[in-house]
Amino acid sequence: MGPMGSMQPKWVPTRETRTAMSAPEPLLELRDVVKAYTSTAGADPMPVLRGVSFAVQAGETVAIVGPSGSGKSTLLNLIGALDTPSAGSVILAGRDLAGLPEAELARIRNCDLGFVFQLHHLLPQCTVQENVLVPTLAISTPDAGGERAARARQLLGRVGLTNRLDDLPGRLSGGERQRVAVVRALINRPKLLLADEPTGSLDQDTAASLVDLLVTLNRDEKVAVILVSHAPALAARMGRTLQLRNGKLEPLI
Ligand SMILES: Nc1ncnc2c1ncn2[C@@H]1O[C@H](COP(=O)(O)OP(=O)(O)OP(=O)(O)O)[C@@H](O)[C@H]1O
Ligand SMILES: [Mg+2]
């Protein structure tokens with residue numbers, strides 16, 4: 001840092017200054033996000049996130065690592081509009097989530113974001129293809145020409161499940177179920193895929209191939225990926241890794 005470095009005021013570019021600099025607007029930006037939970041009635045809220053700021057560009061892949069209980073799922077829930085910060089902002093595609101009505105947040109969760117969790121959460125009584133199409137059911141426009149069903153079949157083919165379209169999830173292996181969950185998360189062409197320990201219930205080799213699949217789909221579908229993982233080898237497959245520790249998020253060196 002030069003002699004002037006420490007004297008620079010903290011400066012956050014606005015949409016206008018970014019345009020003037022022709023820097024791309026990030027897909028996602030967190031500004032000084034704080035999250036505190038109140039554990040028992042009357043107790044002071046416990047801060048889990050103590051001022052988290054970072055940005056993700058469109059199409060990027062980012063890993064988030066950190067000890068158990070450090071707040072990784074908390075962070076992903078805030079990014080996914082499943083919870084709200086105690087302070088600070090979550091800005092997706094230039095819009096502060098705090099300013100949006102619930103109906104728009106629901107649309108964002110369904111169309112702009114995709115979620116994959118440790119457990120697949122597939123509907124046991126629906127076939128693989130039906131499960132993949134669940135997120136399309138909330139879209140009011142009809143599936144003209146069967147485009148969504150065709151995309152479901154195409155994506156399921158890409159993950160090696162062409163022969164399992166009509167199977168129930170109970171007949172699939174753990175790795176196959178997670179591949180279905182990934183396809184379901186991508187069916188509406190989201191801009192950002194949020195994956196919280198998606199390999200947590202898989203063996204090492206199956207976990208590695210699932211993360212390889214995320215990398216391939218990131219490239220082919222141009223979807224940005226935020227992957228939470230305990231495994232350094234899996235995190236290393238992402239473009240960069242951030243570590244959550246003591247409520248702060250820092251680049252892992
Ligand atoms: N709804 C909640 N109410 C109160 N405390 C919560 C709530 N959700 C999470 N916490 C607490 O916040 C802290 C962070 O939890 P979080 O689930 O985000 O951690 P994590 O990094 O995802 O951990 P893991 O690696 O085990 O999944 C923990 O101490 C947890 O007990
Ligand atoms: Mg977690």
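Which order do the strands of the open sheet of four take, and is their pairing parallel or antiparallel? I looked this up and found the order β2-β1-β4-β5, with antiparallel pairing.

**Entry 1: conventions.** I note that this is a predicted model, in which local features need pLDDT of at least 70, side-chain atom pairs count only at pLDDT 80 or more, and totals for chains, interfaces and linings use all residues. Residues are numbered from 1 along each chain as its sequence is written, while chains are lettered from A and ligands numbered from 1 in the order in which they are written.

**Entry 2: whole chain.** I listed eight helices and ten strands in the protein chain (DSSP runs numbered from the N terminus, helices being H or I of at least four residues and strands E of at least two). The radius of gyration is 19 Å, close to the 18 Å from the globule rule for 253 residues, so the chain is as compact as a globular protein of that length (the radius is taken over C-alpha atoms, and the rule is 2.2 Å times the number of residues to the power 0.38). Along the principal axes, the C-alpha atoms fill a box of roughly 65 × 40 × 40 Å.

Entry 3: Strand β1 (residues 28-37) runs antiparallel to β2, and eight bridges join them. I traced E29 to its bridge partner in β2, which is A55.

**Entry 4: strand β7.** I then examined β7 (residues 192-196), where five of five residues are buried (20 or more other C-beta atoms within 10 Å of the residue's own, with C-beta atoms placed from the backbone). L192, L194 and D196 point one way, and L193 and A195 the other. Strand β6 (residues 113-116) runs parallel to β7 through four bridges, and L113 is partnered there with L192. Five bridges, also in the parallel sense, link β7 to β8 (residues 224-228); D196 has V228 as its partner in β8. With helix α7 (residues 204-221), β7 and β8 make a right-handed β-α-β unit (with the strands pointing away from the viewer, the path from the first strand over the helix to the second runs clockwise).

**Entry 5: ligand 1.** I recorded the residues around ligand 1, among them Y37, V48 and K72 (C-beta atom, placed from the backbone, within 6 Å). Helix α2 (residues 72-79) gives the most to this shell, with three residues.

Definitions and conventions:
Buried ≥ 20, exposed ≤ 12 C-beta atoms within 10 Å, placed from the backbone. Pairing = 2+ DSSP bridges.
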